[in-house]
Amino acid sequence: MRQLRDAKDPSGFSGELWKTFAEMGFSGLLVPEEFGGSGLGCVEAGVVMEEIGRTLMPSPFLSTAVLAASALARGGNAAQKAEHLPKIVDVRCLPRSQSTKGQNIAPCTQPCRQCGPAIGFRLTGDKALVVDGHVAGLLIVAARSAGAAGERDGLTLFLVDPKARGVETERTAMVDSHNAARITFDHIEVDADQVLGEVDQGYALLEGVLNIGRGAVASEMVGLSEEVFGRTVSYLKERKQFGKLIGEFQALQHRAAQLYIDIEITRGAVLKALQTLDGDFANAGAAVAVAKARSGTTATLAVQEGVQMHGGMGMTDQFDIGFFMKRARVCQELFGDANFHADQLARMKSY
């Protein structure tokens, strides 16, 4: 990650490493076997995401192998699946799922607009913080086709060529040195063949895919938290102050023990969410909300404790702990932070 950042690599990730992912079958984990994938589930994808969290590896795994693959597999028609899913498996294209303006906005409030199904569709608006959007070979765009902002009905998902006339993409590096993009749509014409799922009924598909993404990001934060914890404990056993190893100070021992407990509880919550996504997908929303909220607060605690226990050098660019802190901050916001999901749980209980 450091090398890619310092070299200002135009893609922001290692193409060779991504090809290795494909050779090992990782890119097709969530792709059905009939299209060349493994046909596995969210638990298996979570294992990969956890290791990505440990290493801070920039890759299109989340945006392509998790979000886009899930959207196409669950919402695509036979022709769309046959065309795009095999490309994900052998990484011939990098489809991306589009996020909304502001990661805490509910998925039913989309900035793009479309009109006139009788004459096709025309998309106008913009998307911010589109993960890996600058290298996308295919865009999955959520747009409001009917109703008003805040309503669940009236959303439609579209497959859009990023090279189409009227599509402008601006690469933006996030605070954690991972990549995102701002994409503007200026009256982009699309037809019925580019609709993913059903017209005006895209909310359920979109929310389901976002839940899969939330479970994956929660897994990444578990790996991130555990890696920071391990590095911090090792440092406590090496650093001497006042003639003693700082790990001998009881106050630091208590803080480390509490962090270990929090990580283990979070791991259980995340595993439960992933298992529910695989076994009871329609009713996984609550478990996913708990996992995403819990993993965000745990990762925040882990990196804060890690930086503090490493002292001033913990925030220097030459030291790695600061990179974990920045990534944790982005993951916390991605697809909704802890406050957003606490609110979601409250809404579920009120129904």
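Predicted model: local features only at pLDDT ≥ 70, side-chain atom pairs only at ≥ 80, totals over all residues.
I started in strand 7, where valine 195 is the bridge partner of phenylalanine 158. Strands here are DSSP runs of E with at least two residues, and helices are runs of H or I with at least four, both numbered from the N terminus. Residues are numbered from 1 along each chain as its sequence is written, and side-chain values use heavy atoms, with hydrogens and water left out.

**Strand 4**

I followed the pairing next. Strand 4 and strand 7 run antiparallel, joined by 2 bridges; two strands pair if DSSP finds at least two bridges between them. Strand 3 (residues 138–144) is also antiparallel to strand 4, with 6 bridges. There I found alanine 143 opposite threonine 156.

How many residues of strand 4 are buried? I got 6 of 6 for residues 155–160, with buried meaning under 20% relative accessible area, exposed over 50% and partly exposed in between (1.4 Å probe, protein chains only). In a regular strand the side chains alternate between the two faces of the sheet. Here Leu155, Leu157 and Leu159 are buried on one side, and Thr156, Phe158 and Val160 are buried on the other.

**The 2-6-5 sheet**

I then looked at an open sheet of 3 strands, ordered 2-6-5 with antiparallel pairing. Its edges are strand 2 (121–131) and strand 5 (167–173), each pairing on one side only. Strand 2 is joined to strand 6 (residues 179–190) by 8 bridges. Across that pair, arginine 122 faces glutamate 189.

**Lysine 292**

This one sits in helix 8 (residues 285–310). Which side chain of opposite charge is nearest to lysine 292? I found aspartate 337, 7.4 Å away, so the buried lysine 292 has no salt bridge (a side-chain nitrogen of Lys or Arg within 4 Å of a carboxyl oxygen of Asp or Glu). A polar atom of the lysine 292 side chain does lie 2.9 Å from the backbone oxygen of glycine 336. Beyond four places in sequence, lysine 292 touches residues including Arg214, Met221, Cys331 and His341, a contact being heavy atoms within 4.5 Å.

**Two positive phi values**

Lysine 8 has a phi near 50°, positive without being a glycine. The residue lies in the loop between helix 1 (2–6) and helix 2 (15–23), and counts as exposed at 69% relative accessibility. Aspartate 200, also not a glycine, has a phi of about 70°. I placed aspartate 200 in the loop between strand 7 (195–196) and helix 6 (203–236), partly exposed at 24%.

Key
Lys, Arg positive; Asp, Glu negative; His and termini not counted. Polar contact = N/O pair within 3.5 Å; in protein donor to acceptor, adjacent residues only side chain to side chain.
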